[in-house]
Amino acid sequence: MSNSAEPGIALLAGKASKRKRLAKELTDFGYRVVFAGDPDELDAARLQAVQTDAWLLELAEESLLADWLLEHSPVPVLLGAGEIPDTDSEDYPRWQRRLLGKLLPLLGEPAKVQNLAPVVVPQLRHDAPSCVWVLGASLGGPAAVKRFLDQLPADLPIAFIYAQHIDAGFEQQLPQILGRQNDWRIINCQPGAHLRRGDVLVAPVSRSLRFVSEGVVQLSDEPWPGLYRPSIGAVLDETLRAFGAATGAIIFSGMGEDGVEACGRLRQQGIEVWTQDEQSAACATMPKAVQDAGFSHREGSPEALAAALRDWLHQEWPLAL
């Protein structure tokens, strides 16, 4: 541990430009950067001599230094800050929020925050999700999504938006259908509600959905664009706009190709897009369209996707678990 009252962070990044940029970001958060070395010039003995409260690593997947720290470091090790967006990008404050959200549970709130984009601080409610994933589905979707949710504990640092093609008369029944045998809060949209970790928010059929600051739900009488209600593509685009890099998507069983183009936009920004596999889907047309377009990063049964998401959360948000 470092001896200063100000939390100290040791930084390892393969590129000098990224080390410099990350060191500035951490300092602007109010933390103290106690070490920022070139990994090519380091060994285990030098790492062991560093006095710090935490390590932040931005290294190649195969790194002996990372392996050594994960096994021997007496202080927590954070893996990966991700690509840093341009400061004038809409994604920049969301990236800041994500990184700070990983640091806060470990090091506490910074004593002095400098130059922090205004969007960051309001997002740090104790019940705010670390990430928000869209579950898109059509024919056969409720059964598949229920199988998926039944395999996930509801205390994960995630919220879901469930976009299901369905007749408006059945929309209000979805929480009862999906909520049996699991502890997720499956809720229909109410204007002004906060999206919280543990929520599965059912996208409305007759009204379009938008998120304003702090993940607050806003509904509009303006219809969804396109042929489908709700529009999976529009829900994906809105989630990406509102939550940026803290977004993901899984496309389950269904007919048609709703959401394919939006999945491509997510993948262009390096965001996870997963799909239900053909063998387990009641109707594989919709997930297969995403796969055929080259936008699916992972395929599997609902149970396999649930297990993969738990692993992904442990890797991406270890301190929020």
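Q276 touches A144, I251, F252, S253, A281, P287, Q291, G300, P302 and L305, leaving aside residues up to four places away in sequence. This glutamine lies in strand 12, which covers residues 273–276. Like everything described here, its surroundings come from a predicted model. Is Q276 buried or exposed? With a relative accessible area of 0%, Q276 is buried, because the cut-off for that label is under 20%.

A polar atom of the Q276 side chain lies 3.0 Å from the backbone nitrogen of S253. The side chain of Q276 also has a polar atom 3.0 Å from the backbone oxygen of S280. Of these two serines, S253 is also listed among the residues that Q276 touches.

E238 counts as buried because its relative accessible area is 11%, and the limit is under 20%. Which residues does E238 contact, beyond its neighbours within four places in sequence? They are L209, R210 and F211. The side chain of E238 reaches the backbone nitrogen of F211 at 2.8 Å. In sequence, E238 and F211 are 27 residues apart, while their C-alpha atoms are 7.5 Å apart in space.

| Side chain | Backbone atom | Distance |
|---|---|---|
| Q276 | nitrogen of S253 | 3.0 Å |
| Q276 | oxygen of S280 | 3.0 Å |
| E238 | nitrogen of F211 | 2.8 Å |

Apart from residues up to four places away in sequence, F211 touches I161, L195, L201, V216, V217, E238, R241, A242 and F243. The largest nonpolar core has 32 residues, and those touching the most other members are L209, F211 and L236. Several elements supply at least two residues each to this core: strand 5 (131–137), strand 6, strand 9 (208–212), strand 10 (216–220), helix 7 (232–243), strand 11 (247–251), helix 8 (260–268) and helix 9 (285–292). Which of them gives the largest share? That is helix 7, with 7 residues. There is also a second, separate core of 30 residues, with I158, A246, W312 and L313 among its members.

## Strand 8 and its partners

Strand 8 runs parallel to strand 6 (residues 158–164), joined by 3 bridges, and Y162 has V202 as its bridge partner. Strand 7 (residues 185–188) is likewise parallel to strand 8, with 4 bridges between them. Here I186 stands opposite V200.

Elsewhere in the chain, 4 strands form an open sheet in the order 2-1-3-4, with parallel pairing. Strand 2 (32–37) and strand 4 (77–79) are the edge strands, each pairing on one side only. From one strand to the next, the twist averages 20 degrees. Within the sheet, strand 1 (residues 8–13) and strand 3 (residues 54–58) are paired in the parallel sense over 5 bridges, and A10 has W55 as its bridge partner.

## Two backbone features

Most residues other than glycine have a negative phi, and most peptide bonds are trans. Two places in this model are worth a look with that in mind. The peptide bond from R229 to P230 is cis, with omega near -10 degrees, and P230 lies in the loop between strand 10 and helix 7. Q181, although not a glycine, has a positive phi of about 70 degrees. Q181 sits in the loop between helix 6 (174–179) and strand 7. Is Q181 buried or exposed? At 71% relative accessibility, Q181 is exposed, because that label applies over 50%.

## The chain as a whole

Stepping back, the chain has 10 helices and 13 strands. Of its 321 residues, 54% count as buried. Among contacts between residues at least 6 apart in sequence, 68% join residues at least 24 apart. The accessible surface comes to about 14,800 Å², and carbon and sulfur atoms account for 49% of it.

Methods
Residues are numbered from 1 along each chain as its sequence is written. This is a predicted model: local features need pLDDT of at least 70, side-chain atom pairs count only at pLDDT 80 or more; totals for chains, interfaces and linings use all residues. Side-chain values use heavy atoms; hydrogens and water are left out. Buried means under 20% relative accessible area, exposed over 50%, partly exposed in between (1.4 Å probe, protein chains only). Contact means heavy atoms within 4.5 Å. Accessible areas come from the Shrake-Rupley method with a 1.4 Å probe; for residues, only the protein chains shown count as cover. Two strands pair if DSSP finds at least two bridges between them. Axes are lines fitted to C-alpha atoms, for helices over the stretch in contact, and angles run from 0 to 180 degrees between N-to-C directions. A polar contact is a pair of N or O atoms within 3.5 Å; within protein, one must be able to donate a hydrogen and the other to accept it, and residues adjacent in sequence count only if both atoms are side-chain atoms. A nonpolar core is a set of buried Ala, Val, Leu, Ile, Met, Phe, Trp, Tyr and Cys residues joined through side-chain atoms within 4.5 Å.
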